[in-house]
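Trainee: I have this model open and would like to go through it with you. Could we start with the overall fold and then look at some details?

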Amino acid sequence: MTRSIIAALLLALAAAADDARAQSADASKGPYAPGLADIMIMTQIRHAKLWLAGDVGNWDLADYEIDELKEGLEDVVKYFPKYKDIPVGQMIEGTIMAPIGEVEGAIKARDRARFVAAYINLAAACNTCHQSANRPFIVIQRPTGSAFPNQSFAPKRP
């Protein structure tokens, strides 16, 4: 299962990198600007890393990841308020930001049980947003393993 997660993430990252190279190779298009899918792939990675950090009580890393996840979604709101006639910006603000606040509160409290509940609520909110955006085939869940074998998620002990 873990190998398939790693393979999927590597393929997604490779596709995003190829897209970026193709766009920057054509200077007539102007500077590279990430598309909505590019930001959402990074959001999915942050979401997974957030779980891996919080699951083992690495609150500093979890705090970093929730902040990065929130910044990425704020970029979506700013740069893609509407996408294919779907009010993505409003949907994120109305559906996702409150659950992010719950996760942030759990991290600040360093409360694993609260973190798990808030994380599950956040994943459910992501799925609600995807369904509302006519993307019900994108289903977010808690990771079942790490797709990042080159990173330790354990908290640093003094």
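Mentor: What follows is a walk through the helices, their packing and a few single residues of this predicted model.

Trainee: Let's take helix packing. How do H2 and H6 pack?

Mentor: Two packed helices are described by the angle between their axes and the distance between those axes. Helix H2, residues 36-55, and helix H6, residues 112-132, pack at an angle of about 160 degrees, with their axes 10 Å apart. Because angles over 145 degrees count as roughly antiparallel, H2 is roughly antiparallel to H6.

Trainee: Is that crossing left-handed or right-handed, and which residues meet there?

Mentor: The crossing of H2 and H6 is left-handed. On the H2 side the contact has Met40, His47, Ala48, Leu50, Trp51, Gly54 and Asp55, which meet Arg112, Phe115, Val116, Tyr119, Leu122, Ala123 and His130 of H6. Sorted by class, the contact of H2 with H6 has nine nonpolar, three polar and two charged residues.

Trainee: What about H5 against H6?

Mentor: H5 and H6 pack with their axes 8 Å apart, at an angle of about 160 degrees, and that makes H5 roughly antiparallel to H6. H5 passes H6 in a left-handed crossing. Among the H5 residues that take part are Pro99, Ile100, Val103 and Ala106, and the H6 residues they meet include Phe115, Ala118, Tyr119 and Leu122. By class, the contact of H5 with H6 has eleven nonpolar, two polar and two charged residues.

Trainee: Switching to H4, which of its residues are buried and which are exposed?

Mentor: In helix H4, residues 88-95, the buried residues are Val88, Gly89, Met91 and Ile92. These cover an arc of only 165 degrees around the axis, which puts them on the same side of H4. On the other side of H4, Gln90, Glu93 and Gly94 are exposed.

Trainee: What covers the buried residues of H4?

Mentor: The cover includes helix H3 (59-79), helix H5 (97-109) and H6.

Trainee: Staying with H3, is glutamate 65 buried or exposed?

Mentor: Glutamate 65, which has its place in helix H3, counts as buried because its relative accessibility is 2%, and the cut-off for buried is under 20%. Leaving aside neighbours within four places in sequence, glutamate 65 is in contact with Arg46, Lys49 and Leu50. Leu50 also belongs to the H2 residues that meet H6.

Trainee: Now the part after H6. What does arginine 142 touch?

Mentor: Arginine 142 lies in the segment after H6 and, not counting residues up to four places away in sequence, touches Trp51, Val116, Tyr119 and Ile120. Trp51, Val116 and Tyr119 are also listed in the contact between H2 and H6. Arginine 142 and valine 116 are 26 residues apart in sequence, while their C-alpha atoms are 9.4 Å apart in space. With a relative accessible area of 39%, arginine 142 is partly exposed.

Trainee: And where is alanine 154 found, and which residues is it in contact with?

Mentor: Alanine 154 is likewise found in the segment after H6, and it is partly exposed, with a relative accessible area of 46%. Leaving aside neighbours within four places in sequence, alanine 154 is in contact with Val56 and Asn58. From alanine 154 to glycine 57 there are 97 residues in sequence and 7.4 Å in space, C-alpha to C-alpha.

How values were computed: Residues are numbered from 1 along each chain as its sequence is written. This is a predicted model: local features need pLDDT of at least 70, side-chain atom pairs count only at pLDDT 80 or more; totals for chains, interfaces and linings use all residues. Side-chain values use heavy atoms; hydrogens and water are left out. Axes are lines fitted to C-alpha atoms, for helices over the stretch in contact, and angles run from 0 to 180 degrees between N-to-C directions. Helices (H or I, at least four residues) and strands (E, at least two) are DSSP runs, numbered from the N terminus. Angles under 35 degrees count as roughly parallel, over 145 as roughly antiparallel, 65 to 115 as roughly perpendicular and the rest as oblique. A crossing is left-handed if the near helix is turned anticlockwise from the far one by less than a right angle, and right-handed if clockwise. Contact means heavy atoms within 4.5 Å. Ala, Val, Leu, Ile, Met, Phe, Trp, Tyr, Cys and Pro count as nonpolar, Asp, Glu, Lys and Arg as charged, and the others, Gly among them, as polar. Buried means under 20% relative accessible area, exposed over 50%, partly exposed in between (1.4 Å probe, protein chains only). The arc is that of the directions from the helix axis to the C-beta atoms.
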